[in-house]
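Hi there,

Here is the structure I promised to pass on to you. Have a look at it first, and then read on for my notes.

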Amino acid sequence: MIEAKARAVFSVDSPFEKTTIERRDVGPKDVLIDIKFAGICHSDLHTARQEWGSIEYPITPGHEIAGIVAEVGPEVTKYKVGDRVGVGCMVDSCGECEYCLRGDEQFCVKGNVQTYNDTNRFGDGRPTQGGYSSRIVVTESFVLSIPEAIELDQAAPLLCAGITTYSPLRHWNAGPGKKVAVVGLGGLGHMAVKIAHAMGANVTVLSRSEGKREDSLKLGADTYVNTSDEGALKKLAGTFDLIINTVSSAQMDISSYLQTLRVDGTLVNVGAPAEPISVNVFALIAGRHSFAGSMIGGIKETQEMIDFCAEHGLGAEIEVISADEIDTAYERVLNSDVRYRFVIDNSTL
Ligand code: NAP
Ligand code: ZN
């Protein structure tokens, strides 16, 4: 057994505490990673605070992991000690079903194994714990390579925020001639803007205040709309080919956003609030609009996204924090006071 330093919460309303967790020994196809940085995703909050349902405590969240290979098993072929690597939201899947075989492991019919708050059903059968920790052991097929062109701290958020926005942008063909809107400028939203811009799309940010206007233009947006301005969405009727909705709350009128789509346009929800979202059907039928969803992306596509970001000089805009600041960071995420991703410096664990 390998011990790792970690930060964990021991109940729904307790702060993060120092702890030690166990990782399995390095198996033939396993990679041991010294974690250097871990991003804080809003999903970490939803999970740790039981917004998505009850969980087993203690929990060490973190699925935006960047680090250095420290040891490899004898059958590992893709990685060697010293390589710069990442791990995202999944650490295993059945590898045999139709979806795994086509590279959509996130939709594995037996369920992918989540990086934390899950059980490694295809491996050692132990509970999984995430990246707010010093080391992790992952089967090599779920480890991503991070090119030298991206700093490790700026690369960490790509492992969730990057792939979760890249995948629907690719799937719904964002590119030259397409008008893409991004709703919510947080961790996912700011990566959606950078990536959609790099793909050649015309990008509009829909945000609730004036506060992020200047930043969004620097990130690559062509237009910024403050949705709290009277009639702001009405004025955009029939504008967008594709909308990526990253909002973490269900407290929004999704129908008014659907009305900003062109005929045949699609609004893709990547935000994952626990509560249901209700839709006025007329916002769909008038315009043959689609209301869709998307969940992270497969491993092959995640590598494609990282390489795309390296090629286009894209990393996340980050605020690096020490492990003692995780609780404060969570509160700031809840207040939309993050520019644009908190990343834990794991040397401070
Ligand atoms: P985040 O950094 O907190 O960003 C969310 C943004 O949504 C905020 O910055 C804010 O933007 C906007 N927002 C928040 N509350 C709002 C409200 N009541 N009404 C309107 N806008 C609101 O969160 P994140 O890490 O990007 O994650 C966003 C969501 O995606 C979370 O629900 C997360 O669990 C989910 N997620 C899904 C996947 C997937 O695979 N589908 C993967 C990762 C995360 P403005 O200040 O600009 O308005
Ligand atoms: Zn995430």
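How do the residues of the shell around ligand 1 divide into nonpolar, polar and charged? There are 11 nonpolar, 15 polar and three charged residues in that shell. Please keep in mind as you read that this is a predicted model.

**Ligand 1**

In total, 29 residues surround ligand 1, and His42, Ser207, Arg208, Lys212 and Arg341 are the closest of them. Two of these names come back when you look at the polar atoms. Lys212 places a polar side-chain atom 2.7 Å from an oxygen atom of ligand 1. For Arg208, an N or O atom of the side chain is 2.8 Å from an oxygen atom of the ligand. The backbone takes part as well: at Leu185, a backbone N or O atom lies 2.8 Å from an oxygen atom of ligand 1. Taken alone, ligand 1 would expose 910 Å², and the protein buries 91% of that area.

Where does the shell come from in the fold? Helix 1 (42–48) and helix 5 (187–198) each contribute at least two of its residues. The largest share, three residues, belongs to helix 1. On the level of domains, ligand 1 lies between domain 1 (2–159 + 317–348) and domain 2 (162–293), because both of them give residues to the shell.

**The zinc ion**

Ligand 2 is a zinc ion, coordinated by Cys41 through SG, His63 through NE2 and Cys160 through SG, at 2.0 to 2.2 Å. Along the sequence these donor residues follow the spacing C-x21-H-x96-C. Cys41 sits in the loop between strand 3 (30–39) and helix 1, while His63 sits in the loop between helix 1 and strand 4 (65–72), so this pair ties together parts that are 22 residues apart in sequence. Cys41 and His63 are both buried.

**One more residue**

You will see Gln114 in strand 7, which covers residues 113–114. Is Gln114 buried, exposed or partly exposed? Its relative accessible area is 31%, so Gln114 counts as partly exposed. From the C-alpha atom of Gln114 to that of Val180 the separation is 30 Å, and these two residues are 66 apart along the chain.

That is what I have for now.

Best wishes

How values were computed:
Residues are numbered from 1 along each chain as its sequence is written. Chains are lettered from A and ligands numbered from 1 in the order in which they are written. This is a predicted model: local features need pLDDT of at least 70, side-chain atom pairs count only at pLDDT 80 or more; totals for chains, interfaces and linings use all residues. Side-chain values use heavy atoms; hydrogens and water are left out. A residue is near a molecule or strand if one of its heavy atoms lies within 4 Å of it. A polar contact is a pair of N or O atoms within 3.5 Å; within protein, one must be able to donate a hydrogen and the other to accept it, and residues adjacent in sequence count only if both atoms are side-chain atoms. Accessible areas come from the Shrake-Rupley method with a 1.4 Å probe; for residues, only the protein chains shown count as cover. Helices (H or I, at least four residues) and strands (E, at least two) are DSSP runs, numbered from the N terminus. Ala, Val, Leu, Ile, Met, Phe, Trp, Tyr, Cys and Pro count as nonpolar, Asp, Glu, Lys and Arg as charged, and the others, Gly among them, as polar. Domain bounds come from an automatic or database domain assignment. Donors are N, O and S atoms within 2.8 Å of the metal (3.2 Å for Na, K and Ca); water is not among the atoms, so sites may look incomplete. Buried means under 20% relative accessible area, exposed over 50%, partly exposed in between (1.4 Å probe, protein chains only).
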